[in-house]
Amino acid sequence: MPAIMKTKPAYGAELVEVDVPKPGPGEVLIKVLATSICGTDLHIYEWNDWAKSRIKPPQIMGHEVAGEVIEVGPGVDTVEVGDHISAETHIVCGKCYACRHNRYHVCQNTKIFGVDMDGVFAEYAIVPAQNAWKNPKDMKPEYATLQEPLGNAVDTVLAGPIAGRSTLITGAGPLGLLGIAVAKASGAYPVIVSEPSEFRRELAKKVGADYVVNPFEEDPVKFVMDVTDGAGVEVFLEFSGAPKALEQGLKATTPGGRVSLLGLYPRDVTLDMNNLVIFKALEVHGITGRHLWETWYTVSSLIQSGKLNLDPVITHRYKGFDRFEEAFELMRAGKTGKVVFFPHK
Ligand code: NAD
Ligand code: ZN
């Protein structure tokens, strides 16, 4: 079968022929119905410093997936042949201090599916049964594969009340776009999006942003104050990983408001903590991964509600992997929302 493999410790990846794997104890074999590219896959493709320290080629890439179980390994009793599943990517130990406090999302021994082992950019893939999440059979595979990053967005947006609350989202990359969809489905208003790329501002509007602003041309803090009659937003959701966006968002948040931070910063960030956080009595949440498994229930229900506007977020759909390099390069250039592959042509 064809698979996108990180074959060498260098830029890029290769489309190779490999055998269909056999599920071992505690594993299931799935036919991959849809699989999407995550920013992490891009880092592995680009071979950045993080990838160099973590990835051991040769390895099949990818972790966001929707598949049908076609074989189960010994000892698997939680999923059956014919089930449709997606995969939680954090493989947690269940034994550490965090796990024993039901904080599986911050397990201290987390292994990552598609990072620390072969992934799902292939026609068939192995998934650890403990990480399988059952999907309704009528859920579109292109939505089902988005559930893992949607979990990040749900934990960011729904870390506090949002219905009827003014909201600023900084960064409309794939994750910020999913965040807009979740915020709108949850009744946030108005949703203001700060994003420098014109292409992504247009996508943000299609997903449901009420206002968009280019922070490289206009002061987003003044923009937010104008829209909110000088009050600032109740909720600030940081999806960019840009230190400047963090500072602007904190300035644009109303005193006593709520802040959720998902974006990862390329370096240490310096902030006027006294005036931007403490004297404003902001409620600040760091967000990582997804809550197991509460967030998956929320994501699945949001998709089934029909209220999540995902179609404009999926900008590129590929049958097979033949044009995978084009897909990665477009994503690197910021010219995509989510990119989805359907491996079986
Ligand atoms: P991305 O890089 O595709 O998107 C970031 C967006 O922010 C881009 O569209 C960019 O144009 C925009 N941006 C840049 N500077 C800005 C500024 N000053 N103001 C507003 N917007 C600005 O990334 P993504 O895949 O959408 O992921 C978003 C962030 O979330 C990344 O930092 C990623 O590392 C992080 N992330 C965190 C977790 C977690 O568990 N905490 C999980 C996944 C991703
Ligand atoms: Zn643990």
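Biologist: Which residue in β13 does valine 193 stand opposite?

Modeller: This is a predicted model, and in it valine 193 stands opposite valine 212 in β13. In general, the strands of a sheet pair through backbone hydrogen bonds, in either a parallel or an antiparallel manner. Here β12, residues 191-194, runs parallel to β13 and is joined to it by three bridges.

Biologist: What is the order of the strands in the open sheet?

Modeller: The six strands follow the order β13-β12-β11-β14-β15-β16, and their pairing is parallel. Strands β13 (211-213) and β16 (283-286) form the edges, each pairing on one side only. From one strand to the next, the twist averages 20°.

Biologist: Which strands does helix α7 lie across?

Modeller: Helix α7, residues 220-227, lies across β11, β12, β13 and β14, and it runs at about 160° to β13.

Biologist: How many residues of helix α8 are buried?

Modeller: Seven of the ten residues of α8 (243-252) are buried, which leaves the helix mostly covered. Among them are Leu246, Gln248 and Leu250. The buried residues of α8 pack against β11, α7, β14, β15 and α9.

Biologist: How do the axes of α4 and α10 cross?

Modeller: Two packed helices are described by the angle and the distance between their axes. The axes of α4 (147-157) and α10 (294-305) come within 9 Å and cross at roughly 105°. The two helices, α4 and α10, are therefore roughly perpendicular to each other. Residues that meet there include Leu150 and Val154 in α4, and Trp296 and Leu302 in α10. By class, this contact of α4 with α10 has six nonpolar, five polar and two charged residues.

Notes:
Residues are numbered from 1 along each chain as its sequence is written. Chains are lettered from A and ligands numbered from 1 in the order in which they are written. This is a predicted model: local features need pLDDT of at least 70, side-chain atom pairs count only at pLDDT 80 or more; totals for chains, interfaces and linings use all residues. Side-chain values use heavy atoms; hydrogens and water are left out. Two strands pair if DSSP finds at least two bridges between them. Helices (H or I, at least four residues) and strands (E, at least two) are DSSP runs, numbered from the N terminus. Axes are lines fitted to C-alpha atoms, for helices over the stretch in contact, and angles run from 0 to 180 degrees between N-to-C directions. Contact means heavy atoms within 4.5 Å. Buried means under 20% relative accessible area, exposed over 50%, partly exposed in between (1.4 Å probe, protein chains only). Angles under 35 degrees count as roughly parallel, over 145 as roughly antiparallel, 65 to 115 as roughly perpendicular and the rest as oblique. Ala, Val, Leu, Ile, Met, Phe, Trp, Tyr, Cys and Pro count as nonpolar, Asp, Glu, Lys and Arg as charged, and the others, Gly among them, as polar.
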